[in-house]
Amino acid sequence: MNFDWYRATIDHPPQVVMDTLAGCYELSDVLPTKPFYGYERAYILKRGEIDLLRVQWGGNTGTRVLAEASGEQAPEFSSHVREKFTDHFLTRADVALDYCEEGAWESLFGLSAETADLFRLKTEHRGDYHRAEGGRTFYIGSRSSPLFNRIYEKGIQSKGNPLHVRSELEFKPKSEQARVAYSTATPDQMLLASTWSAYFYGILAGVKGPKLAPPGTVKKLTRDEQSFLHMMKQYGPLLGRMLEARGGDYCELGLHIAGHIENQG
């Protein structure tokens with residue numbers, strides 16, 4: 001289990017961030033590159049043909065410096081950022097689990113579909129599902145939410161071992177509180193960040209434990225929403241019995257309740 005992507009924002013001067021990170025890598029060069037995400041300036045740290053990390057700042061992005069690394073460079077980069085900038089904010093971390101055995105795709109696909117159905121998650125299929133020659137990918141969750149999971153036939157897609165399948169959680173905490181809390185979290189703790197991811201990875205990898213912090217912005221309930229939750233806590237069992245008496249027909253129960261609401265008017 002490793003980080004396959006690690007992105008952080010750092011509240012230190014850009015030159016300090018760049019010099020500090022460059023000092024962690026021997027025989028590396030700092031080179032300008034094209035900025036993304038609305039930043040004004042960007043540099044990459046390279047060693048030969050290998051891109052070690054990217055640093056960006058400026059523009060309409062605020063005062064913090066963005067630093068990130070992906071793929072094989074992500075684990076080492078995350079260690080350096082956590083050691084040198086203990087006050088950084090985590091904005092993205094991909095946690096990858098790799099399997100290389102017969103039936104790995106079928107098992108992962110089955111568990112992914114089960115989780116999506118159980119928690120009503122969005123799904124998306126990509127790749128060669130007809131002949132399975134070009135590699136398949138299956139997504140669950142929403143890309144815009146704090147957690148999003150993909151399984152894919154990495155070995156086929158990279159022309160490696162065709163049995164190599166990866167499950168990868170894309171974790172993007174939204175609130176400042178969560179970005180601070182998860183900046184020191186283990187990959188295991190990130191897998192537990194939501195109810196559905198805890199279910200999925202609890203079965204897949206035996207990961208257990210409490211949720212470290214809510215990964216998204218916590219919504220403040222209105223007075224009516226609070227009253228509704230209180231009503232459901234008090235009368236939920238009664239409504240359940242009424243639904244059962246109607247054979248599980250939600251429409252019939254809704255019309256029955258609606259009739260009483262109209263009578264109150």
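Modeller: Gladly! Lys46 stands opposite Asp51 in β4. Keep in mind that this is a predicted model.

Colleague: What makes β3 and β4 a pair?

Modeller: Two strands count as paired if there are at least two bridges between them. Strand β3 (residues 41-47) and strand β4 (residues 50-57) have seven bridges, in the antiparallel sense, so they pair by that rule.

Colleague: Why are β2 and β7 called edge strands?

Modeller: The open sheet has 10 strands in the order β2-β3-β4-β5-β1-β6-β10-β9-β8-β7. β2 (29-32) and β7 (123-127) each pair on one side only. From one strand to the next, the twist averages 15°.

Colleague: How do you know that Arg92 and Asp94 meet in a salt bridge?

Modeller: The cut-off is 4 Å between a side-chain nitrogen of Lys or Arg and a carboxyl oxygen of Asp or Glu. For Arg92 and Asp94, the N to O distance is 2.8 Å, so the pair qualifies.

Colleague: And are Arg92 and Asp94 buried or exposed?

Modeller: Buried means under 20% relative accessible area. Arg92 has 9%, so Arg92 is buried. Asp94 has 1%, so Asp94 is buried too.

Colleague: Why is Glu124 called partly exposed?

Modeller: The label covers values between 20% and 50%. Glu124 has 29%, so Glu124 is partly exposed. Its salt-bridge partner is Arg126, and Arg126, at 46%, is partly exposed as well.

How values were computed:
Residues numbered from 1 in each chain as written. Predicted model: local features only at pLDDT ≥ 70, side-chain atom pairs only at ≥ 80, totals over all residues. Heavy atoms only, no water. Helix = DSSP H or I, 4+ residues; strand = E, 2+ residues; numbered from the N terminus. Axes fitted to C-alpha atoms, helices over the stretch in contact; angles between N-to-C directions. Buried < 20%, exposed > 50% of the residue type's maximum accessible area, 1.4 Å probe, protein only.
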